[in-house]
Amino acid sequence: MSQVIRAEGLRKRFGETRALDGVDLAVEEGTVLGVLGPNGAGKTTAVRVLATLAKPDEGRAEICGYDVMRDATRVRALIGLTGQYASLDEELTGRENLVMIGRLLDLPRAEARARAAGLLERFRLSDAAGRAVKTYSGGMRRRLDIAASMINRPRVVFLDEPTTGLDPRARGEVWDTVREMALDGATVLLTTQYLEEADALADRIAVFDHGRVIEDGTPAELKARAGRQTLVVRAAEVFRTEQLAAIVAELTGERPEVRLDAGLVTAPVTDPGVLRAVVQRLDEAGLVAAEVALRLPSLDEVFLSLTGHAADAAGSAAEEQLEGSVR
Amino acid sequence: MTTMTTMTGTTAHDALPPARISLRRTVRHSLTLAWRNIAQLRHSPEKLIDVTLMPLVFLVLFLYVFGGAVAGSTHAYLQQLLPGLVAQMAMFATMGLGTALSEDIRKGVFDRFRSLPIARSAPLIGTVVGDTVRFLTVVVVLSVAGTALGFRFGSDPLRVLAGFALAYVFYLAFSWISVMVGLIAPSPETVQGLAFMFVMPLTFGSSVFVANTSTMPGWLETWTKMNPVSHLTDALRALLVGGPVGNHVWITLAWAVGIVTVTFPIAMRMYARRA
Ligand SMILES: Nc1ncnc2c1ncn2[C@@H]1O[C@H](COP(=O)(O)OP(=O)(O)OP(=O)(O)O)[C@@H](O)[C@H]1O
Ligand SMILES: [Mg+2]
């Protein structure tokens, strides 16, 4: 296996802001790297540098062995990029957008049309293919934007927050697409603000904070380091909630949080194996559970345990605004 | 299916384009991107409203307000005014370009282009060439409306054609000023104001509205005599109506080359810096 994405010591400043402050990355061929981080962590900047759209102040990066600055044209032929903000021509139809990109990739007219049609079909956009993109919903735009980055059958795909703002169904579809890309052998780097998403899709996760990679590992390693998950059990018969709480307390050794009105019992757990024990004990006690689940820690909880500080929400809200006005 | 994927996977390196993009491919990419502008116009033809209405309004207003005073009769003035308006309206037509580019950058369309293996210049060249439609609209509107009002073209159609071709060459060159302004301006809203700073003194401080500039104060007359728009106007008067061309054609062409030589590199530099 070879490393198709490599970055060493990437630094980039915008005025006083250190968007990237020494980022190293290495992604093995055919794997999915999830870049996880709060607003302003430097995710987009890293993607833009790797995709040849921005120059780093320091450091170097290679895609399939080609330097992103010296060999930018070759890198561009190998990658597909779906940026955080849609990069489509709003005035053109979905089909026209894809055909145009196919033609810019030197595909013959018939081939460009065929690939466009195939991708429109695959992303369930065939019905809307003849409509101007400005009439599309947010989810449709996202899907078209992802389709647009796949026309050259890229070996390396960058997806910057591909599911932010999507409804659960559209999110599921994007997840399926990412999995398909990986199955086809593409290497994928996707950024996200949700641990759940990184956990579902990524082989490895890099956690960004203030322009640095503060943690790097498999989802399992990360979850173990990020601390405890939450056991959630909901009684089907609300009047038996207290009995349920007693079982949970005994198995986790923690005092659970109980909401009698909803029949809900939650408790922090360290050992995921507890889930099976709970199911077994409920069975023995003849208790029917409406819901038994292990909830992953939220990004905030991960940050709190990895960095000792919460993801800086106030600061990033201001940055978000700034970004909006810059663009 | 699986074998296909593996195959493309292993041959991808051989299929890689060369590190540099040939001129031929750049021309083709630029034409594809010019097609994009034309497709946009097909979806929203109302974008041509400025290049349709403004020439009409200017033609009628200036003809009847100044005609009698400047040339003694509206008919005599029309023969002077129309070639000048072709020059002025062609300059005006380039102003939308900067705004459109600025919008494209803000909306991220250019990010997509910049992530593709095409020449940096292709999106800019494509946009300029695609805007030819706007120039043609100006020419057609002015020719038809002018003729309806009594304008008479000279008897040699080749000379008339040469006149429009000259206007087109200058229009293309001038477009790069608009491109440059569009890339320098911090937002689409500011482009228009900046572009006016170039277009107004160039088109009004010229021989567009008055063929005889000797009544102007000295400094203005000097400026007017240097102004490339005056040379284009004088060349157009000779080519569209009749009379000696002098060296106005050559001076206009020299200006066109000069403008592109200066603005193209600046525009490309700004483009690389933006985004
Ligand atoms: N063009 C720019 N000009 C000035 N500052 C910038 C620019 N781009 C990014 N920054 C700053 O660099 C930092 C990192 O930004 P970046 O967009 O990479 O973060 P992100 O992790 O993608 O955040 P988000 O989750 O909000 O998308 C932020 O503080 C941001 O304000
Ligand atoms: Mg971002």
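Predicted model: local features only at pLDDT ≥ 70, side-chain atom pairs only at ≥ 80, totals over all residues.

Biologist: How many residues surround ligand 1, and which are the closest?

Modeller: Elements that each supply at least two residues of this shell are β2 (17-28), α1 and α12 (313-326) of chain A. The shell has 17 residues, and the closest are G40(A), K43(A), T44(A), T45(A) and Q84(A).

Biologist: At what distance does the side chain of K43(A) have an N or O atom from an oxygen atom of ligand 1?

Modeller: Polar side-chain atoms of other residues also approach oxygen atoms of ligand 1: one of N39(A) lies 2.9 Å away, and one of Q84(A) lies 2.8 Å away. For K43(A), the separation between the side-chain N or O atom and an oxygen atom of ligand 1 is 2.7 Å.

Biologist: How much of the area of ligand 1 does the protein bury?

Modeller: The reference is ligand 1 taken alone, which exposes 630 Å². Of that area, the protein buries 85%.

Biologist: Which residues coordinate the magnesium ion (ligand 2)?

Modeller: The coordinating atoms are OG1 and OE1, at 1.8 to 2.0 Å from the magnesium ion. They belong to T44(A) and Q84(A), respectively.

Biologist: How many residues apart are T44(A) and Q84(A), and where in chain A is each of them?

Modeller: T44(A) sits in helix α1 (residues 43-50), whereas Q84(A) sits in the loop between β6 (79-82) and α3 (94-104). The pair therefore links distant parts of the chain, and T44(A) counts as partly exposed because its relative accessibility is 22%.

Biologist: Why does R143(A) count as buried, and which residue's backbone oxygen does its side chain reach?

Modeller: R143(A) lies in helix α5 of chain A. Its relative accessibility is 10%, and R143(A) counts as buried because buried means under 20%. Its side chain reaches, at 3.0 Å, the backbone oxygen of F123(A).

Biologist: Is A132(A) buried or exposed?

Modeller: A132(A) is found in the loop between α4 (109-122) and α5 (138-148) of chain A. The C-alpha atoms of A132(A) and E91(A) are separated by 5.5 Å, although the two residues are 41 residues apart along the chain. The relative accessibility of A132(A) is 18%, so A132(A) counts as buried.

Biologist: How far apart do the C-alpha centres of domain 1 and domain 2 of chain A lie?

Modeller: Domain 1 of chain A takes in residues 3-224 and 304-325, while domain 2 takes in residues 227-295. The distance between their C-alpha centres is 38 Å.

Biologist: What percentage of the residues of chain A count as buried?

Modeller: Chain A has twelve helices and 14 strands, and its C-alpha atoms fill a box of roughly 70 × 45 × 45 Å along the principal axes. Of its 327 residues, the share that count as buried is 53%.

Biologist: What percentage of the residues of chain B count as buried?

Modeller: Chain B has 13 helices and zero strands, and its C-alpha trace spans about 80 × 35 × 35 Å along the principal axes. Of its 275 residues, the share that count as buried is 52%.

Conventions:
Residues numbered from 1 in each chain as written. Chains lettered and ligands numbered in written order. Heavy atoms only, no water. Donors = N, O, S within 2.8 Å, 3.2 Å for Na, K, Ca; no water. Helix = DSSP H or I, 4+ residues; strand = E, 2+ residues; numbered from the N terminus. Buried < 20%, exposed > 50% of the residue type's maximum accessible area, 1.4 Å probe, protein only. Domains from an automatic or database assignment. Near = heavy atom within 4 Å. Polar contact = N/O pair within 3.5 Å; in protein donor to acceptor, adjacent residues only side chain to side chain. Areas by Shrake-Rupley, 256 points an atom, 1.4 Å probe, with all protein chains shown as cover.
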